[in-house]
Amino acid sequence: MIRTAPDGIKEVTPPLSDADIEALKAGDRVRITGVVYTARDAAHGRLFPLIEKGQPLPIDVRGQIIYYTGPSPARPGDIVGSIGPTTGGRMDKFTPALLKLGLKATMGKGARSRLVRDALKQCKAVYFGAIGGAGAVLSRFVKTVEIVAYEDLGTEAIRRLEVENFPAMVINDCYGGDLYEDGMKAYAREDTAPSQ
Amino acid sequence: MREIHVSAIADAVKKLCMEANWDLEPDMLRAFDRALRTERSPAGKQVLQILKDNAQMAKTKRIPYCQDTGFVVCFVELGQDVHVTGGGLYDAINAGVSQGYQEGFLRASIVRSPFDRVNTGDNTPAVIHTDVAPGATMKIMVMAKGGGCENRSKYKMLTPADGLEGVKEWIIECVRTAGPDACPPLILGVGVGGTFEKAAILSKKALFRELGSPNPDPALDVLEKELLERANRLGIGPQGYGGDTTAFGIHILTYPCHITSLPVAVTIECHAHRHKEVVL
Ligand code: SF4
């Protein structure tokens, strides 16, 4: 579900439908409330062969958000340690297959490949950016944490988070919009074309 | 001959690892404030403010500024009149890393082999560079080097004909390709000259200079300022959302080189620039 709050920020609550995704545009500020699954390199490495063989995954990704993060350990009494995003581009190889299964959003930092951006359009999905390196602040928005798969992977295990008002930006929308490209164009003060 | 026991080294490294991750150095905090005064982009300003808050929260709660608590890169300047007693220097450093990361609730991010990728569980081993220096002290410099930005570090062997202009273009190209992936605002450590490995090591070592301080070599200082100005005209901005603060600093170290070569290594560092040092 998507609702625009009085302050103009879009409130995002999974599960997300195609219509929800259509309401999100690159550059939108969002707050996410509800369930988000964590997975990064090693977990994707295990999910991918299952998808290729058509076997069930340990989580149902339909309508869901995957957050690319590997939290630091919680201090006693804390819910979680630092929990900011990792680079999304390293998951590019796996993302289109997950989007085909109905995953509606991924969240990380950094640019995605052309293939992923095309898959966002085809499958109606978005890529959110969380603030890289703001892991201490972001931990405040996490209310529960539970490991749901691959506990042996430590920080790279798949975790089910319940988050409340978790802040993010829409980087890539389902229309081909790209905040990184737009932002750079708006502020560039010299020719930014690559030199070769 | 002065004796330093390995336990003093391990204790020092443990403390440096924890404090580097919880407590950003004042040079970084000043960089946020400077950028907040000049950044035009509202989204960029907001990111900078959140990062400042993040530093404050990490410090007060003693939790890591970033969940990627890094690969420990350790430069040791070992006085030649120092005798390390009670064990090996490198074992002591790694013991300090192991204790610091486990007791400090820092993330274990190191795998024992690039191929089987099994986590070592305590963030060991460190990458250690040792220089022998005159004197009877031991300086230990520790950096918790993030992986996302490290992955955007680059090396290029230019030719003498490429010259200074070629070096400048290459450094700007490195900022451009690091882009939003490396968590800008960035800091660039640049090593020019020497051999392949010398340039790379210099590019790491360059990052230990205090951010905002001038390069002791006036010509390099002018070059650094010119490059920083150019990097910040690219428009990438904080987190790549667009803006004027793409880099906080560009630090250059040079070394003599062969008549055929012009090696340039660029270590990309993010705003989670966690570095601490101590002299024993
Ligand atoms: S690049 Fe730096 S700030 Fe970003 S996630 Fe890695 S260590 Fe943290």
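A residue is termed buried if 20 or more other C-beta atoms lie within 10 Å of its own, and exposed if 12 or fewer do. The legends below describe close-up views of a predicted model.

**View 1. Helix H8 of chain B and its buried residues.** In H8(B), the buried residues are B:Leu223, B:Glu224, B:Leu227 and B:Ala231. Viewed down the axis of H8(B), these buried residues fall within an arc of 100°, so they line one face of the helix. Their packing partners are H6 and S8 of chain B. On the other side of H8(B), the exposed residues are B:Pro218, B:Val222 and B:Glu226.

**View 2. The span of helix H8 of chain B.** H8(B) comprises 14 residues, 218-231. At 1.5 Å a residue the helix should span 20 Å, and because its end C-alpha atoms are 20 Å apart, the two values agree.

**View 3. Helix H7 of chain B and its cover.** Helix H7 of chain B runs over residues 196-205, and its buried residues are B:Ala199, B:Ile201, B:Leu202, B:Ser203, B:Lys204 and B:Lys205.

View 4. Domain 1 of chain B consists of 2-23 + 65-145, and domain 2 of 148-272. Taken over C-alpha atoms, the centres of domain 1 and domain 2 of chain B are separated by 25 Å. In the contact between them, nine residues of domain 1 of chain B meet eight residues of domain 2 of chain B. On the side of domain 1 of chain B that touches domain 2, strand S2 (71-79) and strand S5 (138-145) of chain B each supply at least two residues. The largest share of that side, three residues, is from S5(B). Sorted by class, the side of domain 1 of chain B that touches domain 2 has six nonpolar, one polar and two charged residues.

**View 5. The contact between chain B and chain A.** Chain B brings 46 residues to this contact, and chain A brings 43 residues. On the side of chain B that touches chain A, the elements giving two or more residues are helix H3 (42-61) and helix H6 (163-178) of chain B. H3(B) gives the most to this side, with eight residues. By class, the side of chain B that touches chain A is made up of 19 nonpolar, 14 polar and 13 charged residues.

Key:
Residues are numbered from 1 along each chain as its sequence is written. Chains are lettered from A and ligands numbered from 1 in the order in which they are written. This is a predicted model: local features need pLDDT of at least 70, side-chain atom pairs count only at pLDDT 80 or more; totals for chains, interfaces and linings use all residues. Domain bounds come from an automatic or database domain assignment. Two residues are in contact if their C-beta atoms, placed from the backbone, lie within 7 Å. Helices (H or I, at least four residues) and strands (E, at least two) are DSSP runs, numbered from the N terminus. Ala, Val, Leu, Ile, Met, Phe, Trp, Tyr, Cys and Pro count as nonpolar, Asp, Glu, Lys and Arg as charged, and the others, Gly among them, as polar. The expected span of a helix is 1.5 Å times one less than its number of residues. The arc is that of the directions from the helix axis to the C-beta atoms.
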